[in-house]
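Hello,

Here is the structure we talked about. Please open it alongside this note and follow the residues as you read.

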Amino acid sequence: MYLKNQSRKQKKRGMVCIVTLMLALSFGGCGDKEKKANTTTVTKENETTTVSQEETGQSESEFDFSQVYDNIELNGKKIPFPFTLNDLGDEYDFKWDVVDMGDGVYSGDLAVNGESIALVYMYGESADSINRDTLIISFSIFRSKKQEINIKGINCNSSVEDIESMFKNIHVQYDTDNQICRYWASNKNGKLFEISVDKSEITTITIQKEEK
């Protein structure tokens with residue numbers, strides 16, 4: 001299932017680094033204006049780091065992650081989360097070797113019939129321990145990849161205007177031009193749902209179940 005080629009592995013490591021850098025750069029364009037959907041509360045991002053969740057009104061219970069985790073569909077079929085390759089079907093596999101990200105985390109390029117659809121993350125003891133029964137606990141879908149996955153009907157081809165109506169109590173972040181650059185929800189246990197936006201287009205959607 002895995003390609004045992006060192007140069008291919010190095011290439012994949014480079015691709016992961018590039019993706020990470022691209023995400024960092026996309027968020028770098030976001031300003032510090034942020035509000036919670038369905039309210040008139042507006043706070044500065046640099047201020048929220050110095051006050052408690054109670055003071056900002058952003059408690060763990062505000063965003064119900066089940067509206068994300070229970071509504072993930074793959075090619076029109078609802079799938080569990082976390083999921084395994086065997087949950088998806090025989091046509092789904094890793095396109096390249098899985099990559100050791102450190103601290104027991106491994107990443108892979110999820111593909112259907114050889115065509116990439118998402119970057120996924122798993123826990124394991126070694127690269128050889130990752131198999132079709134390994135739980136995928138986090139994934140990112142990109143506008144540049146085939147859109148097989150959607151969350152409550154939302155993928156990278158969806159309209160930005162639909163996001164707030166689909167996900168209750170999601171937070172919104174604006175750039176310096178007062179344009180939406182990110183929708184997000186997270187908690188202290190590592191649960192994460194994040195949608196990055198550029199020029200009114202969804203560029204990346206990331207979902208994480210929890211930290212190890």
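**What turned up**

Asn-169 counts as buried, because its relative accessibility is 17% and the cut-off for buried is under 20%. Keep in mind that this is a predicted model. The backbone at Asn-169 stands out too: phi is positive, about 65°, although the residue is not a glycine. Look for Asn-169 in the loop that runs between α6 (163-166) and β11 (171-175).

Asn-75 lies in the loop between β3 (72-74) and β4. Is Asn-75 buried or exposed? Asn-75 is exposed, because its relative accessible area is 57% and exposed means over 50%.

**A cis peptide bond**

Next, go to Pro-82. The peptide bond leading from Phe-81 into Pro-82 is cis. Its omega is near 0°. Pro-82 belongs to the loop between β4 (77-78) and α5 (85-88).

**A buried arginine**

Now find Arg-182 in strand β12, which covers residues 180-186. Arg-182 has 13% relative accessibility and so counts as buried. Which side chains make polar contacts with the side chain of Arg-182? One is Gln-173, at 2.6 Å. Another is Glu-194, at 2.5 Å.

**A buried isoleucine**

Last, Ile-72. This residue sits in strand β3. Its relative accessible area is 0%, so Ile-72 is buried.

What is in contact with Ile-72, leaving aside its neighbours within four places in sequence? The list includes Lys-77, Lys-78, Ile-79 and Phe-81.

Take the pair Ile-72 and Ile-149. Along the chain, they are 77 residues apart. Their C-alpha atoms are separated by 7.1 Å.

**Where to click**

For a quick tour, begin with buried Asn-169 and exposed Asn-75. End at Ile-72, in strand β3.

Best wishes

Methods: Residues are numbered from 1 along each chain as its sequence is written. This is a predicted model: local features need pLDDT of at least 70, side-chain atom pairs count only at pLDDT 80 or more; totals for chains, interfaces and linings use all residues. Side-chain values use heavy atoms; hydrogens and water are left out. Helices (H or I, at least four residues) and strands (E, at least two) are DSSP runs, numbered from the N terminus. Buried means under 20% relative accessible area, exposed over 50%, partly exposed in between (1.4 Å probe, protein chains only). A polar contact is a pair of N or O atoms within 3.5 Å; within protein, one must be able to donate a hydrogen and the other to accept it, and residues adjacent in sequence count only if both atoms are side-chain atoms. Contact means heavy atoms within 4.5 Å.
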